[in-house]
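Hello,

I am passing a structure on to you, and my notes follow below it. Please have it open while you read.

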Amino acid sequence: MIGGGHNGLVCAFYCARAGLRVLVLERRAIFGGAAITEEFAPGFRNSTASYTVSLLHPKVIAEMTLADHGLRIVERKMQNFLPLNERDYLAVGRGYTRSEVAKFSARDAARIDEFNARLAVLADAVREILLVTPPQAIETRWTQAVPELIKAGGLARRLGRLDTTAQRDLLALFGQSAGELLDGWFESDPIKAALGFDAIVGNYASPYGPGTGYVLLHHGIGEANGVKGAWGHAMGGMGAITQAMAVACRGLGVEIRTNAEVREVLVEKGRAVGVTAAGEAFRARAVVSNLNPKLLFGALVDPAALPADFRERIARYRCGSGTFRMNVALAELPRFACLPEAGDHLTAGIIMAPSLAYMDRAYSDARARGWSKAPIVEMLVPSVVDESLAPTGRHVASLFCQHVAPALPDGSSWDARKEEVADLMIDTVESFAPGFKASVIARASLSPLDLERTFGLTGGDIMHGALALDQLFSARPVLGNGNYRAPIPGLYMCGAGTHPGGGVSGIPGHNAAHEILKDLRRRGRRQSRSRDT
Ligand SMILES: Cc1cc2nc3c(=O)[nH]c(=O)nc-3n(C[C@H](O)[C@H](O)[C@H](O)COP(=O)(O)OP(=O)(O)OC[C@H]3O[C@@H](n4cnc5c(N)ncnc54)[C@H](O)[C@@H]3O)c2cc1C
């Protein structure tokens, strides 16, 4: 296994459970990829990169017995909180979204439940295909093409079970931008911003950009503790997830080596037979990559071993989610001008981006100048529900800042501009919560360049590649290789650059293991038949 991110660990677990000997080689001194917890200032710990849970699949949680290995997820008491100005805010959560929306539009309040119900139908439809390996276009052998056709037929039947309204909604969601969709449903800005934020999370695009409708849905297909669409906090931070996964893996004999950067995938007679790492060669029946496909094929595989068309398409595979991530240590809780006292809103994803127009501007500013003077910031204060993260009376906040250019348009390095942008993010929170800036004891920032250097996230892309229609499902990462298999036999992909994409879900790792085991069994049968004859 190249890489010890959460998907690598999940894949390792399922392979080991089937009796394989698995070695995980992780480049960093810490495994877990983008799902880790670290001390970022003395006494203050937090999730370093990913920071909130919903997509982690219940099957993975149950089969890896993550709860028995210490994982506890708590739901947010309020899902989202949008401070709008000094007086107004929108709160989103079970039981009160409708009355909150009514503060801004009676018409929208009358429509919100129907919108959510119709989106939930589509989320259920997507849930059904999460654990399915996408069908592939097969040009050559009919023996392989037939099973793929059957799979595609099964999928069509599943979608065919949706009623006409849902089918039309699905088409609209895939065909329209999130902005167009939301403008069609609602008239007031705050609810459109609350919903539209999901369309641009990890997606460097205007909410009016093509394909953003699907990204909106992608962030609604998860659940927290059985509550569909809800987001929660992993006690101890996101590292608690990968620590629990490692216990499950080691229990099955998986070896996890850190400080073991893989330099090359060894290919002999057209087949992947192992890797080199830390000056050693490791041979294996299957080589599995947890890396962004662009990194795998661009840096670790001899280009001559890849078909030219595949190589070109991987070179064009789009990465760059436009993300800037900060952790801040706080002397006290933030006090929002519109709701100063502490309350459930401090357990929410606090979205500082009051309208779709604001998000659209943030994107066009970033394209032109690298970032916007009015950036998009989501803040969580996990220490409100998790005392293990900060000294008593102190707090930590995660700032997830969206829409900075993956590479700065004037050619300057992110290293030269990072602190300036970090100041801007703090000032942005300050504008909604006066006193915030003065409460900051310490901060740690990750620019897109840092995300690439630290985690191997090409272009700083948190999803291992844009969740665009031409990079999803059978086409993730490239059409014809959307079934976790690289174009080199014996080489597999199990990271977020495969179906169903980014997020701490464990699903790519789960599905890839299924395909690897299928191939190894088939190969074993072939070898024993040829021995018999
Ligand atoms: C800032 C940020 C915020 C996010 N927020 C959320 C969130 O709140 N919720 C959510 O669900 N998702 C979130 N995500 C997305 C999610 O974290 C990722 O999509 C997911 O973790 C990817 O997991 P993975 O296992 O596929 O790959 P990764 O986590 O990227 O793991 C790949 C591993 O491979 C290792 N590696 C790289 N090169 C080599 C090499 N040559 N040899 C050996 N090892 C190597 C890396 O060090 C890394 O450990 C966020 C991501 C980021 C970066």
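Predicted model: local features only at pLDDT ≥ 70, side-chain atom pairs only at ≥ 80, totals over all residues.

In what follows, a residue counts as near a molecule or strand if one of its heavy atoms lies within 4 Å of it. Residues are numbered from 1 along each chain as its sequence is written, and side-chain values use heavy atoms, with hydrogens and water left out.

The ligand

Around the ligand there are 33 residues, and those that come nearest are Glu26, Thr52, Ile462, His464 and Val504. The shell divides into 16 nonpolar, twelve polar and five charged residues. Here Ala, Val, Leu, Ile, Met, Phe, Trp, Tyr, Cys and Pro count as nonpolar, Asp, Glu, Lys and Arg as charged, and the others, Gly among them, as polar.

Some polar contacts are worth a look. The term stands for a pair of N or O atoms within 3.5 Å; within protein, one must be able to donate a hydrogen and the other to accept it, and residues adjacent in sequence count only if both atoms are side-chain atoms. Glu26 has a polar side-chain atom 2.6 Å from an oxygen atom of the ligand. For Asn7, a polar side-chain atom lies 2.9 Å from a ligand oxygen atom. Val262 takes part through its backbone: an N or O atom there is 2.9 Å from a nitrogen atom of the ligand. On its own the ligand has 1,000 Å² of accessible area, and the protein covers 97% of that. Such areas come from the Shrake-Rupley method with a 1.4 Å probe, and for residues only the protein chains shown count as cover.

The chain as a whole

The chain has 17 helices and 20 strands. Both are DSSP runs numbered from the N terminus: helices are H or I with at least four residues, strands E with at least two. The C-alpha trace spans about 80 × 55 × 50 Å along its principal axes. The radius of gyration is 23 Å, which agrees with the value near 24 Å that a compact globule of 533 residues would have. That radius is taken over C-alpha atoms, and the globule rule is 2.2 Å times the number of residues to the power 0.38.

Two sheets

Strands pair if DSSP finds at least two bridges between them. Six bridges join β11 to β12 (residues 271-277), and Val267 has Ala272 in β12 as its bridge partner. Four bridges join β12 to β13, where Gly274 stands opposite Arg283. β12 and β13 form a hairpin with two residues between them, and Ala278 in the turn has a positive phi of about 45°.

Another open sheet has seven strands in the order β6-β5-β16-β17-β18-β15-β19, with mixed pairing. At its edges are β6 (89-92) and β19 (440-446), each pairing on one side only. The twist here averages 20° from one strand to the next. Within this sheet, eight bridges join β15 (residues 323-330) to β18 (residues 395-404), which run antiparallel. Met326 stands opposite Leu399 in β18.

Backbone details

Where are the cis peptide bonds? One joins Arg476 and Pro477, with omega about 5°; Pro477 sits in the loop between α16 (448-455) and β20 (491-493). Another joins His499 and Pro500, also with omega about 5°, and Pro500 is in the loop between β20 and α17 (507-532). Finally, Asn259 has a positive phi of about 50° although it is not a glycine. Asn259 belongs to the loop between β10 (255-257) and β11.

Best wishes

Conventions. Axes fitted to C-alpha atoms, helices over the stretch in contact; angles between N-to-C directions.
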